[in-house]
Amino acid sequence: MSGEPGNSRVPLRVLLGGIPLVFLLWVTGGALGDRVRELNTGEDVTVTAVSGCVEEGPPMSGRFPYCEAGWRFDDGRTGQGKVDGERIEEGDRIFAGDGFAYRSKTSRVLSLAMVAVAGLVLLGMLIGLGVLYRKTRTRRRRGK
């Protein structure tokens, strides 16, 4: 019956395991959307000025290399800000848009692929959790 302790624990386990997975899928979907938006709206631009670069910090510090730079779009607009990635110099071509800039478009494509793989793994875990729940539930019904 539903009042037995064994049956009430299975849905609780599914909730405790499923809610974080759904949250992670939601976060992954947001990150995926940001990268797709950047790839759709970004374009190759020419660096016009570099005001300074910061090299990597100590291991595990979370600091990644970047340069502060200004750039010009092919249509004449200008932009400036932080360019993530390796050191750049005036005249280099970078991938940028309104509010973002990266050393190359390739880094964004690789980042998109990594986020997509992580999302698929999380989705697979969620599906696996559902399958295990159904199998456990079916076994308990047959065992009675």
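## Disulfide

C53 and C67 form a disulfide (a pair of cysteine sulfur atoms within 2.5 Å), with their sulfur atoms 1.9 Å apart. The pair links distant parts of the chain, 14 residues apart: C53 belongs to strand β1 (residues 43–54) and C67 to strand β2 (residues 66–72). The link of C53 and C67 is right-handed, with 105° about the S-S bond. One disulfide is found in a search of the whole structure.

C67 counts as buried because its relative accessibility is 1%, whereas C53, at 23%, counts as partly exposed. Buried denotes under 20% relative accessible area, exposed over 50%, and partly exposed in between (1.4 Å probe, protein chains only).

## Basis of the model

The model is predicted: local features need pLDDT of at least 70, side-chain atom pairs count only at pLDDT 80 or more, and totals for chains, interfaces and linings use all residues. Residues are numbered from 1 along each chain as its sequence is written, and side-chain values use heavy atoms, with hydrogens and water left out.

## Largest pocket

The largest pocket holds about 240 Å³ of space. A pocket is an open set of points on a 1 Å grid over the protein atoms alone, where a 1.4 Å probe fits, with protein on both sides within 12 Å along at least five of seven lines; lining residues have an atom within 4 Å of a point.

The lining consists of R63, F64, P65, Y66, K82, D84, G85, Y102, R103, S107 and R108. Of these residues, four are nonpolar, two polar and five charged. β3 (78–84) and α2 (105–143) each supply at least two residues of this lining; helices (H or I, at least four residues) and strands (E, at least two) are DSSP runs, numbered from the N terminus.

How values were computed. Grid points are joined across faces, edges and corners, and a volume is the space filled by probe spheres set on the points. Ala, Val, Leu, Ile, Met, Phe, Trp, Tyr, Cys and Pro count as nonpolar, Asp, Glu, Lys and Arg as charged, and the others, Gly among them, as polar.
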